[in-house]
Amino acid sequence: DASQAILLDEQGHVAHRWEAPFSKVWPQARQVSGWLDDRSIYIRRAHVFPNGDLLALYESPAHTPNGCGMAKLDRDGNVLWSYDENTHHDFSIAGNGAIVTLTHAVSREPREGWQKLSTPIIDEFVTVLTPDGELVKSISLFDALANSPFHLPVVTHTDQMGDVLHSNTVNIVGAQFASHHAEIEVGDLMICLRNLNLVMVLRAETEEVVWATTGPWRLPHDPDPLDNGNLLIFDNCFARGSLQGSRVVEFNPATGNVEWEYIGTPAAPLRSDIRSCQQLLANGNVLINESDHGRLLEVTRAGEIVWEFVHPVRGGEDDSLVPVVSGARRYDVTELPFLGG
């Protein structure tokens with residue numbers, strides 16, 4: 001079901017399930033077209049709190065823009081609050097409980113500093129909310145990038161149908177990563193602009209882009225700022241010679257070197273053309289979400305698969321279709337006392 005978030009235990013059994021169809025959260029949604037039904041709207045990203053509350057972000061591939069809203073639910077799926085705007089792809093939670101997410105809207109107005117772009121375009125923002133879902137501020141990504149030294153004003157992404165930036169990740173930079181980069185401060189926001197192959201760091205207080213890098217990736221997702229100053233990123237459309245597929249890369253932005261990569265095995269190459277994310281675990285292994293194949297796996301730095309989970313549901317005439325797993329995160333059981341041990 002697209003409107004579920006599921007917590008699995010170590011054996012792959014369901015430890016808890018939140019069922020929250022879009023129409024239950026928004027009986028009369030103003031942020032999406034009225035003809036959308038629950039089957040076409042899914043939870044893209046979720047975060048579990050210690051008491052069992054769930055922060056859930058909704059999307060739909062059948063709507064432009066695809067963001068559908070954000071809601072906080074209790075452990076039984078009851079709505080505590082909702083933010084009725086076009087939130088999409090990702091969010092992060094700051095130490096003070098503030099929520100940083102991505103929002104977008106269709107715009108027919110020309111963008112200053114982007115003279116070569118035709119309209120309409122999908123206008124994009126980083127949006128900060130209070131812990132209770134109240135708006136603090138929204139920052140235009142077009143304006144922030146245009147006013148930065150990293151902007152290339154001649155942009156001709158004619159094949160993107162107005163989806164110029166396609167922001168898909170917002171992560172909060174910690175002290176260890178910041179200590180390796182003089183331009184970056186703790187609390188800055190790391191944002192991935194997929195269609196520009198660009199990872200940039202935005203300072204919310206001043207609305208400035210203070211740092212940016214590209215790298216050996218194409219249409220990537222989920223750049224994680226690591227304590228050693230490197231980035232861990234899902235390279236969706238990696239290609240080397242005759243090999244086509246995806247990989248997870250640890251990239252050193254200071255040297256431009258790839259420090260580590262995982263491309264899968266000959267029998268099970270990693271491939272997810274869109275979506276996907278990863279998480280560096282405390283033991284040094286990497287949790288990988290191969291979205292398009294409905295697969296989760298933990299791998300060692302030597303490339304060994306510790307365990308994997310493939311969504312068991314099948315569809316289509318020959319059972320060749322598998323549901324997408326749009327996101328995943330490992331929790332230690334001590335982080336979730338609501339489960340009662």
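**View 1. Tyrosine 42 faces glutamate 59 across a strand pair in a predicted model.** Tyrosine 42 stands opposite glutamate 59, which belongs to S4; strands here are DSSP runs of E with at least two residues, helices are runs of H or I with at least four, and both are numbered from the N terminus. The pairing of S3 with strand S4 (residues 54-59) is antiparallel and extends over six bridges, where two strands are said to pair if DSSP finds at least two bridges between them. The structure is a predicted model, in which local features need pLDDT of at least 70 and side-chain atom pairs count only at pLDDT 80 or more, whereas totals for chains, interfaces and linings use all residues. Residues are numbered from 1 along each chain as its sequence is written, and side-chain values use heavy atoms, with hydrogens and water left out.

**View 2. The open sheet S3-S4-S5-S6.** Four strands form this open sheet in the order S3-S4-S5-S6, with antiparallel pairing. S3 and strand S6 (79-83) are at the edges and have a single partner strand each, so one side of each is left without a neighbour in the sheet. On average, and with direction ignored, neighbouring strands of this sheet are turned by 20° against each other; axes are lines fitted to C-alpha atoms (for helices over the stretch in contact), and angles run from 0 to 180 degrees between N-to-C directions. In the loop between S4 and strand S5 (67-73) lies proline 65, which a cis peptide bond joins to threonine 64, with omega at about -5°.

**View 3. The second largest pocket and its lining.** The volume of the second largest pocket is about 320 Å³. Its lining has 21 residues, and the closest to the pocket centre are Glu59, Pro61, Asn66, His89 and His166. Strand S3 (42-48), strand S7 (87-93) and strand S9 (121-129) are the elements that give two or more residues to this lining. By class, the lining has five nonpolar, 10 polar and six charged residues, with Ala, Val, Leu, Ile, Met, Phe, Trp, Tyr, Cys and Pro counted as nonpolar, Asp, Glu, Lys and Arg as charged, and the others, Gly among them, as polar. On a 1 Å grid over the protein atoms alone, a pocket is an open set of points with protein on both sides within 12 Å along at least five of seven lines, a cavity is a set where a 1.4 Å probe fits but cannot get out, and lining residues have an atom within 4 Å of a point. Grid points are joined across faces, edges and corners, and a volume is the space filled by probe spheres set on the points.

View 4. Histidine 89 is found in strand S7, and its phi is near 65°, a positive value in a residue other than glycine. Most residues other than glycine have a negative phi, and most peptide bonds are trans. Histidine 89 is buried, with a relative accessible area of 4%; buried means under 20% relative accessible area, exposed over 50%, and partly exposed in between (1.4 Å probe, protein chains only).

**View 5. The hairpin of S1 and S2.** Strand S1 (residues 4-8) pairs with strand S2 (residues 14-19) in the antiparallel sense over five bridges. Leucine 7 stands opposite histidine 16 in S2. Five residues lie between the two strands of the hairpin, where glycine 12 takes a positive phi near 85°.

View 6. Threonine 213 is placed in strand S14 (residues 208-213) and is buried, with a relative accessible area of 11%. When its neighbours within four places in sequence are left aside, threonine 213 is in contact with Asn197, Leu198, Val199, Leu231, Phe251 and Pro253, contact meaning heavy atoms within 4.5 Å. Glutamate 205, in the loop between strand S13 (198-203) and S14, is exposed, with a relative accessible area of 63%.

**View 7. The open sheet S19-S20-S21-S22.** This open sheet has four strands in the order S19-S20-S21-S22, with antiparallel pairing. Strand S19 (277-280) and strand S22 (305-310) are the edge strands, each pairing on one side only. S19 and strand S20 (residues 286-290) run antiparallel and are joined by four bridges, and glutamine 278 has isoleucine 288 in S20 as its bridge partner.
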